[in-house]
Amino acid sequence: MQPFLIFGLSASLAAMGELAGHERRGSLIWPGRSAILGLLGAALGIRRMGDFTALDALDVSVAIFDAGAALRDYHTIESVPSAAAKRPNSRPEALRDAKGRTNTTITLRDYRAGVFYGVAVQGAGLEALQAALSHPRFTLYLGRKSCPLSAPPGARIVQAGSPAQALAHLTAPPWLCERGRPVARTLIVGADQGEVIHDRALDRRLWHFGPRSVARQPVEIALEATP
């Protein structure tokens, strides 16, 4: 038996990191490692350029109770053709040099609508993380700033033999139990080999992310509703 910090993440809209380009920003069907560590950092009050060393050492597992439905949002942005601005150092500089010779480009943003996940964290400092999730310093988002949580995380520390056993102690928001108990059938864990996703923060200032291997473990975790 070992201690786990468990908490739930529910949101009406979620956007969970995938390799992003200028024209399309996709979403995984579960929150990646960088998203969860960023959320924990926000709860602790760590700013983007702060020290994430302790959080980077944590082990994180995610149970998918409800991956929601795919939703795509369309944006238009003002883009600068390369012929109009030669090697600009910034977007404001590019717009200045273009002198009105710009184009309108459609960009895509992918979301998941109506999601619920369970997170199990192992490592040092779980008590401080539990307290921070109960009284976060900054607003907690599930991805972009348009995606606030729809319920408190309900963080608690439990003793269990595995992440799946720990997450069986999680309680779900009551509205998620109207059609029966929420059940997770997939647990995402770090692995030496498996599916490769880019959710490991390398440079938070430059938004650089590295690859990580994960495994999808079959589980059956049924939850009770929050009292």
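**Briefing: a strand residue, a helix pair and a pocket**

Serine 213 is found in strand S9, residues 208-222. The model is predicted, so local features need pLDDT of at least 70 and side-chain atom pairs count only at pLDDT 80 or more, while totals for chains, interfaces and linings use all residues. Residues are numbered from 1 along each chain as its sequence is written, and side-chain values use heavy atoms, leaving out hydrogens and water.

**Serine 213**
- Serine 213 has a relative accessible area of 18% and is therefore buried (under 20%, with a 1.4 Å probe and protein chains only).
- Leaving aside residues up to four places away in sequence, Serine 213 touches Val189, Gly190, Ala191, Asp192, Gln193, Gly194, Glu195 and Val196 (contact means heavy atoms within 4.5 Å).

**Helices H1 and H4**
- Helix H1 (residues 33-44) packs against helix H4 (residues 126-134) at an angle of about 75°, and their axes are 8 Å apart.
- The two helices, H1 and H4, are therefore roughly perpendicular (65 to 115 degrees).
- On the H1 side, Leu39, Leu40, Ala43 and Leu44 meet Ala128, Leu129, Ala132 and Leu133 of H4.
- By class, this contact of H1 with H4 has 8 nonpolar, no polar and no charged residues.

**Second largest pocket**
- The volume of the second largest pocket is about 340 Å³ (a pocket is an open set of points on a 1 Å grid where a 1.4 Å probe fits, with protein on both sides within 12 Å along at least five of seven lines).
- Its lining has 17 residues (an atom within 4 Å of a point), and Asp66, Trp175, Leu176, Arg179 and Pro182 lie nearest the centre.
- By class, the lining of the second largest pocket has 8 nonpolar, 5 polar and 4 charged residues.
- Strands S1 (2-14), S3 (59-66) and S5 (103-122) each supply at least two residues of this lining.

Technical notes:
Axes are lines fitted to C-alpha atoms, for helices over the stretch in contact, and angles run from 0 to 180 degrees between N-to-C directions. Helices (H or I, at least four residues) and strands (E, at least two) are DSSP runs, numbered from the N terminus. Angles under 35 degrees count as roughly parallel, over 145 as roughly antiparallel, 65 to 115 as roughly perpendicular and the rest as oblique. Ala, Val, Leu, Ile, Met, Phe, Trp, Tyr, Cys and Pro count as nonpolar, Asp, Glu, Lys and Arg as charged, and the others, Gly among them, as polar. Grid points are joined across faces, edges and corners, and a volume is the space filled by probe spheres set on the points. Buried means under 20% relative accessible area, exposed over 50%, partly exposed in between (1.4 Å probe, protein chains only).
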